[in-house]
Amino acid sequence: MPDSADTASGTDAELASSEPAVAADATSSAPAVSGDSLAAALPQRSYFTYAFGLAAGALSAYLLVRGIARAGGVITTVLLAAFLAVSLNPIVTALSRQTRVPMRRAGAVLTVALGVMALVAGFLAVIVPPVAAEVTALVHAIPHVLQQIQDRSTYLGRLEAKYHVAAKVQSALSSRGLGTTAVSGIVGAGKYVLSTLTSTLAVVALTIYFLAGLPNIVAVAYRAFPASRRDRVRVLGDEILTQVGRYMLGSALNASIAGLATYIWTAAWGIQYPAALGLLVALMDMIPVIGSTIGGAIVTLVALTVSTPVAIATLLFYIGFRLTEDYVLLPKVMRHAVDVPPIVTVVAVLVGGSLLGIIGALVAIPTAAALKLITVEVLIPRLDRR
């Protein structure tokens, strides 16, 4: 039989060897229990994290809106150039596809750009001389007007003797505040003219660039959509571009008819500046809904310089022309372009005019047509499937 001392020593050795394992288990399990309890006691995400995220989001939104507001002029210029490029694209495509005079797209873009510049130069050649002549006549008439003011036997002289208009005007002009305001106004007008000229040149340059690279730009835009939907997006995009181009060509044709009718009417009745008024009405007629009305009102006011009966006849002429335009010309010219309900047209023009002025009113109807196409082809079928 084994000795009791050996048995006791073996037992003590086994107990000694098992104590480190037990201690290790106890040591390893203790921190886990305390960590779980601590994690359960603390919230998963503190209120500071939520507040910091909200503040960062609000600051980012504010900086984004502020950046867009500061770059509003640049964004408007780019959008206008893109719209003009899309509008002129049908002409470029037709020139590049015709076989009588083979022409690449670059040559077609150059031809269209030269044609547009020729039209602008012709417009300036017609508008500038009458304005310069009127300004020159006004400058030459100032001494005669001053002489009439000093003559008490004339109507202006009697008004001056009664109300002392010249003295009041002279004292106002000699005052320092008004002089400073006038100088600042002249400087502001010069800045406005320079800014307008710079914006016009930028629009022309961007339009040419967009027009030359429009197929590549459209192809890159289509690749931004998933491959499974790319074909559908391409069909809708091409249809939108086609409708915008057709609308602008139809609007230009209708405006040309309005300008030609104005030229014939004013020349027949002896109203001054028939060519200038015809071009003005043609440009105003490009603005939907209200453009032709404003142009007709301007021509009617100019007709007052001839006689009151001529002005009344001019007003009746533009009322009849507006009815003919709305019910005869526009349905025939626009039958292949856009199909937008009248109420949508009016609302779109009002919203576009309030946001971007004349430019917004000009692009309002094509934008409404594009949104209508997307709604009919995409949104409504998706809602019907639900």
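How do the residues of the lining of the largest cavity divide into nonpolar, polar and charged?

1. Basis. This is a predicted model, in which local features need pLDDT of at least 70, side-chain atom pairs count only at pLDDT 80 or more, and totals for chains, interfaces and linings use all residues. Residues are numbered from 1 along each chain as its sequence is written, and side-chain values use heavy atoms, with hydrogens and water left out.

2. Overall make-up. The protein has 13 helices and 0 strands; helices (H or I, at least four residues) and strands (E, at least two) are DSSP runs, numbered from the N terminus. Of the 386 residues in the protein, 23% are buried, where buried means under 20% relative accessible area, exposed over 50%, and partly exposed in between (1.4 Å probe, protein chains only). The accessible surface comes to about 26,000 Å², and 72% of this belongs to carbon and sulfur atoms; areas come from the Shrake-Rupley method with a 1.4 Å probe, and for residues only the protein chains shown count as cover. Among contacts between residues at least 6 apart in sequence, 62% join residues at least 24 apart. Contact means heavy atoms within 4.5 Å.

3. Nonpolar cores. A nonpolar core is a set of buried Ala, Val, Leu, Ile, Met, Phe, Trp, Tyr and Cys residues joined through side-chain atoms within 4.5 Å. The largest one holds 23 residues, and within it Phe83 and Met248 touch the most other members. Two or more residues of this core come from each of α3 (72–97), α9 (227–268) and α13 (342–385), with α13 giving the largest share, 11 residues. A second, separate core has 13 residues, including Trp265, Leu277, Val281 and Phe321.

4. Largest pocket. On a 1 Å grid over the protein atoms alone, a cavity is a set of points where a 1.4 Å probe fits but cannot get out, and a pocket is an open set with protein on both sides within 12 Å along at least five of seven lines; lining residues have an atom within 4 Å of a point. Grid points are joined across faces, edges and corners, and a volume is the space filled by probe spheres set on the points. The largest pocket has about 2,200 Å³ of space. Its lining has 45 residues, and Leu84, Val116, Val120, Leu283 and Met286 lie nearest the centre. The elements giving two or more residues to this lining are α3, α4 (105–150), α7 (176–212), α9, α10 (274–285) and α13; α4 gives the most, 13 residues. By class, the lining has 35 nonpolar, 10 polar and no charged residues. Here Ala, Val, Leu, Ile, Met, Phe, Trp, Tyr, Cys and Pro count as nonpolar, Asp, Glu, Lys and Arg as charged, and the others, Gly among them, as polar.

5. Second largest pocket. This pocket has a volume of about 920 Å³. It is lined by 31 residues, with Leu236, Gly237, Ile240, Ala370 and Ile374 nearest its centre. At least two lining residues come from each of α3, α8 (214–223), α9 and α13, and α13 gives the most, 12 residues. The lining has 23 nonpolar, 3 polar and 5 charged residues.

6. Cavity. The whole structure contains 1 cavity of 30 Å³ or more. The largest cavity has a volume of about 30 Å³ and is lined by Ala258, Thr262, Val281, Asp285, Ser292, Tyr318 and Phe321. To the opening question: the lining divides into 4 nonpolar, 2 polar and 1 charged. At least two of the lining residues come from each of α9, α10 and α12 (308–333).

7. Thr262, in helix α9, is buried at a relative accessible area of 0%. Apart from its neighbours within four places in sequence, Thr262 contacts Leu277, Gly278, Val281, Val299 and Tyr318. Thr77 is in helix α3 and is buried, with a relative accessible area of 15%. Not counting residues up to four places away in sequence, Thr77 touches Ser199, Ala202, Val203 and Leu206.

8. Ala267. This residue lies in helix α9 and counts as partly exposed, at 42% relative accessibility. The C-alpha atoms of Ala267 and Gly278 are 9.9 Å apart, with the two residues 11 apart along the chain.
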